Amino acid sequence: MGLLSLTPALVWAQAKPATGYSQPPKAILEAMRAPSPASPSISPSLDRMLLVSWEDYPSISRVATPYLRLGGVRVEPGNHSKHDTPGGYGIPPAVRSFELVRIPDGATTRVQLPAGGIVQAPQWNATGTAFAFSRVTDHSVELWVGDGTTGAVHQIPGVWVNQMLGGDVQWMPDQKTLVVKAVPADLGKAPVAPAVPPGPSIQESMGGKGQSSTYETRDTLGSPHDEDLFDYYATAQLLLVNAETGAATPIGTPDRYLQVRSAPDGRHLLVTALRKPYSYVTTFDRFPKEVTVWDIAVPGAVAKQPIASLPLADRVPIHGEPLGPRQFSWRPTEPATLLWVEALDGGDWKVKVPHRDKVMALKAPFTGAPVELFRTEQRYQGLQWAARPGVALRYEYDHNRHWQRTFIVNPDDPKQAPRKLWDMSTEEQYADPGSPVMSIRPDGTRVLRQEGDAIFLRGGGASPDGDRPFLDRLDLRTLKSDRLFRSGKVEFEQFVGFTGKDSKRFLTWHQSLLDPPNAYLRSLGKGVKAEAGEAAYTSTRSAVTHIPDPTPEIRRIKKRLVKYKRADGVDLSFTLYTPPGYQEGTRVPAILYAYPLDYADPSKAGQVSGSQYTFTRLRNYRLLLLAGYAIIDNASFPIVGDPTKAYDTYLEQLVANAKAAVDKAVELGVVDRDRIGVTGHSHGALMTANLVAHSDLFKAGVATSGSYNKTLTPFGFQNERRSVWEAPEVYRKVSTFFSADKLKTPLLIMHGADDANPGTTPLQATKLYEAIRGNGGTTRLVMLPFEPHWYTARESNEQLLYEMVRWFDTYVKTAGKPQP
């Protein structure tokens, strides 16, 4: 018998797996390592700002720092710091440098940050005289304060910040004092795990539905020892810290503090602490809570007034709300008035009731009966207060219709009928009125910025030609608005903030295809007659910062907005990037990237978002442009239908979206139909896997951090509200796992080995890989050590690009050519 002739795919499948981190080609590597543009943080005093430069990719040694998984929190035991952001998207970003910039002349002072450690984001005080930040070291989280005028910084000695439950450093209303959650000085050593388990881990359910959101079981508590560890690391001592002298005064006793917020009077604190019993199926935000108001007027003699005792909320309906008071806050325009919300529908959006929520208020000394301010027909979303009495904006949301209404209300006179301001679909982008501009008062409270009866609105300015941010002035009496500013048609310029007490001058953040982001000062001129939607005032612009282009070679990349229609007439769009040096009329291989979104209204599904005139910055899959690929970027992938059952036609709409995008890219004469790949992240990874399984449009796919078997998230996913028992066929149909026997197009699967995002546990990736492999498909599984849902480390991101280039070069770029 002669020698066996193995195909390249078989040879590869039998090869020994590579070990160690790999790097992409040099051009991609250099672009990855180029620094990102800084971002502005304007001072509340409006005459200075901090330009913050961030570290894009920490080292894998930083990401691999040991941590504990405790009730949905990842805490580093060596220093009590948070190891993960709330959504499971990587360690909190680190600051590379600060620059203090004076407005308007742009005079710049570099802030001399302490050497070593990890510096975190700065927080201005309300007067702009100081800013605070934390510095994470191997052994503690330090508290530092900077001078808002000179930029000089100093450490507050002896304060060890406890970041575990967030909200750890806040300015008090006097803007000279910080309230800090600190590690107690006498905390002692952490509990030691017993050598022999004292008994089994037991959970039980005594009837009653518990359709809470899906949690990753590895990050919830799982044993009595976990509970002990949670208690130990969550315990904090509240301190009042003088930012100038460093003097720290303890208030209260150590406890598991979740929320601490000062009333505008600086005397009362709203304090929420966690209580037992804990749950092994939900995260800490659903644990029992005790809400109290503290009077700290007399140091060392804190008086506590109980407000609410909230039970374990482990049976909240999907997209619902827990029973009892929630969303506690202070009214910003009164010394000490507490607000909260209570559900009137059992927290269940399925229940039909005349009103879903009521908003309550209780004034100091908090011993009387609370007053009902008003009830909302739909789910309450919040209040924005005006500085003067009797005016606020109230928001409510209809989850069933994807609809939001905004009312002008008088909270001081509940009998006064609300005036409807906006009534629109949350899917509407072109007519989005924007968000109110807020003003920070000397005590740190935020209110609507007003001039007489007018407020100001800032918005993204979505239009059929792309985003053009704007600034409007809205008269609350007449409900008529003036457009003060709108970004130019071939640039992208956003309102940042006013630089004085009037509305004549304001700061913008400007960029274009060739110009890197920089701060500009705009001065309004006289009114002019303008077309609908355009600015009705002239304005002049002068540069405040002069940040250079870190990657001038990338300016050779071209991009354009492309609009087209789906077969059923739904409008769609994508941004087409062509690689450096692309020659018009030639066809090149391409990669399609998308993320499916749900829509109730087909007329809104195809509205254009984003801008083709932003400064091109290459990250993630876009770096494949430097490997010779065109990128069909952010292609519209709407899933349209009744929100209660939109996923009944998920697969059909997915394929229709992809076909429309591919056909249009080919029609333009840029993309080679026979050399197209597809990629997506998270819900986009499921899209990717389904497209290579259920269509012949793509030669290969790369799916990162996806969820491929929806029966593992049986109580809903994305906007699907039905359980797997209510819609078993829908769950099976959308799950690529059940189509693995049909998946013959090469699929690269990548996943963070420590993914904590609900629904996308690493098991999702390994089981899909095993299913494809077992059915004879072509696949590769890359698990990135220590990475969460989004990949953080420099080495991991270099590996990601190495894998993507290798995979697409093998199965897309050389499609139809003999394999080496």
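**Entry 1: strand β46**

I began with strand β46 (residues 671-681), where 9 of the 11 residues are buried. Here buried means under 20% relative accessible area, exposed means over 50%, and partly exposed lies in between, with a 1.4 Å probe and protein chains only. Strands are DSSP runs of E with at least two residues, and helices are runs of H or I with at least four, numbered from the N terminus.

I noted that the model is a predicted one, in which local features need pLDDT of at least 70 and side-chain atom pairs count only at pLDDT 80 or more, while totals for chains, interfaces and linings use all residues. Residues are numbered from 1 along each chain as its sequence is written, and side-chain values use heavy atoms, with hydrogens and water left out.

I then looked up the partners of β46. Strand β42 (residues 588-594) runs parallel to β46 and is joined to it by 5 bridges; A590 has I676 as its bridge partner. Strand β47 (residues 700-704) also pairs with β46 in the parallel sense, over 5 bridges, and there G680 stands opposite A703. Two strands count as paired if DSSP finds at least two bridges between them.

**Entry 2: an open sheet**

I traced an open sheet of 4 strands in the order β1-β2-β6-β7, with antiparallel pairing. Its edge strands, β1 (39-42) and β7 (108-111), each pair on one side only. Within the sheet, β2 (residues 48-54) and β6 (residues 95-102) are antiparallel over 7 bridges, and L51 has E99 in β6 as its bridge partner.

**Entry 3: cis peptide bonds and positive phi**

I recorded that most residues other than glycine have a negative phi, and most peptide bonds are trans. I103 and P104 are joined by a cis peptide bond with omega about 15 degrees, and P104 sits in the loop between β6 and β7. The bond from A364 to P365 is also cis, with omega near 10 degrees; P365 belongs to the loop between β23 and β24 (371-376).

N634, in strand β44 (residues 630-635), has a positive phi near 50 degrees. N634 is partly exposed, at 46% relative accessible area.

I found F786 partly exposed, with a relative accessible area of 38%.

F786 is among the residues that line the second largest cavity, including also V63, R74 and H83. A cavity is a set of points on a 1 Å grid over the protein atoms alone where a 1.4 Å probe fits but cannot get out, and lining residues have an atom within 4 Å of a point. This cavity holds about 50 Å³ of space. The largest cavity is lined by 14 residues, with P35, P550, T551, R617 and R619 nearest its centre.

Is D357 buried or exposed? D357 is buried, since its relative accessible area is 0%. D357 is part of strand β23 (residues 357-363), and its side chain reaches the backbone nitrogen of Y380 at 2.8 Å.

S309, in strand β20 (residues 303-310), is exposed at 63% relative accessible area.

Conventions: 1 Å grid on protein atoms, 1.4 Å probe; cavity = no way out; pocket = protein on both sides within 12 Å on 5 of 7 lines; lining within 4 Å. Points joined across faces, edges and corners; volume = space filled by probe spheres on them. Polar contact = N/O pair within 3.5 Å; in protein donor to acceptor, adjacent residues only side chain to side chain.
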